[in-house]
Amino acid sequence: MQVLGSGGPEVEDKRASSSYLIWEDGRARVIIDAGGGSALRFGESGAKLSQLDVFLFSHFHVDHSSDFPALVFSSWFGDRTRPLPVFGPSGNKFMPSTTGFVHGLFSEPHGVWRYLSEMVEANPKGTYELQPHNVAASSTPILVFRDADIAVYAVSVVHGAFPALAWRVDIGGKRIVFSGDTDGQGQGLTQLASNSDIFVAHNAVSEGASGLERRLHMPPSVIGAIAANAHVKQLVLSHRMLRTLGKEDETRTEIERRFSGAIRFANDLDCFPF
Ligand SMILES: [Zn+2]
């Protein structure tokens, strides 16, 4: 599991925003989110768009999705020919659905970058097709995508009023789980993360956070409780923001009160073997 973006929305954190890659045998198979800066990190990682089997979005805040068009346009010059399935949440009045997001970017006649409309149409000209799907998830994990050796599951998580998903990728007999942004409410994430080899949790607020930031994100104590209850093997803390950077000792102490497995703080391009 490679972290392409370990930061949050702030450019001052000097990190790309959220994005993760799962590699197998030298091939990038799955990408989760594409926040700002992650397209550059994708290139630095040596991955190719033509390698990906599936694109997953946790939600459509800018820091999780803004480099998607950059990756798509980059792939225009590449050698991908097979369709690329894109899965993410359904929409509501605050956020587009996954189909709405992709079509809002690329479809005729109103898409922002409708000059790339052939990316969303089956066409004979040789470019590949983006195939967006809305995932109707609940707090019980559902199977969203499967091929020969990958199975992908999702649960819905609470992230304020914004539709959001946590993802689990089963590959090579291992289980990697991504919390996405959430306040940690409910049992779905714990169920999804159960016995995971790697659990990537978002360390966007420090202990004692209140107000809006706490309503959107989970503090270290909640991350620790979920990791412990789910019997996670390795916890990777990402989505590091100015409000949590520099507080790693305090964060680790809070988590270790509940969770006794390995804890790592992510930096851009770090790789976590599983
Ligand atoms: Zn975020």
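Modeller: A quick definition to begin with: a donor here is an N, O or S atom within 2.8 Å of the metal. Keep in mind that this is a predicted model. Now, the zinc ion is held by Asp63 (OD), His64 (NE2), Asp181 (OD) and His239 (NE2), at 2.1 to 2.2 Å. Along the chain, those donor residues follow the spacing D-H-x116-D-x57-H.

What about the geometry? The angles among the four donor atoms run from 86 to 168 degrees, and the site is irregular. To count as tetrahedral, four donors need all angles between 85 and 135 degrees. For four tetrahedral donors, the ideal angle is 109.5 degrees.

Are Asp63 and His64 tucked away or out in the open? Residues count as buried under 20% relative accessible area, so Asp63, at 8%, is buried, and so is His64, at 0%.

Seven strands form an open sheet in the order 7-8-9-10-11-12-13, with mixed pairing. Strand 7 (142–146) and strand 13 (262–265) are the edges, each pairing on one side only. From one strand to the next, the twist averages 20 degrees.

Zoom in on strand 11 (residues 198–202) and strand 12 (residues 234–238): they pair in the parallel sense over five bridges. His202 sits opposite Ser238 in strand 12. Helix 7 (residues 220–229) lies across both strand 11 and strand 12, at about 160 degrees to strand 11. Helix 8 (residues 248–256) also packs on the sheet, touching strand 12 and strand 13, and its direction makes about 155 degrees with that of strand 13.

Conventions: Residues are numbered from 1 along each chain as its sequence is written. This is a predicted model: local features need pLDDT of at least 70, side-chain atom pairs count only at pLDDT 80 or more; totals for chains, interfaces and linings use all residues. Side-chain values use heavy atoms; hydrogens and water are left out. Two strands pair if DSSP finds at least two bridges between them. Helices (H or I, at least four residues) and strands (E, at least two) are DSSP runs, numbered from the N terminus. Axes are lines fitted to C-alpha atoms, for helices over the stretch in contact, and angles run from 0 to 180 degrees between N-to-C directions. Contact means heavy atoms within 4.5 Å. Donors are N, O and S atoms within 2.8 Å of the metal (3.2 Å for Na, K and Ca); water is not among the atoms, so sites may look incomplete. Four donors count as tetrahedral if all angles lie between 85 and 135 degrees; four count as square planar and six as octahedral if opposite donors are over 155 degrees apart and all others between 65 and 115; anything else is irregular. Buried means under 20% relative accessible area, exposed over 50%, partly exposed in between (1.4 Å probe, protein chains only).
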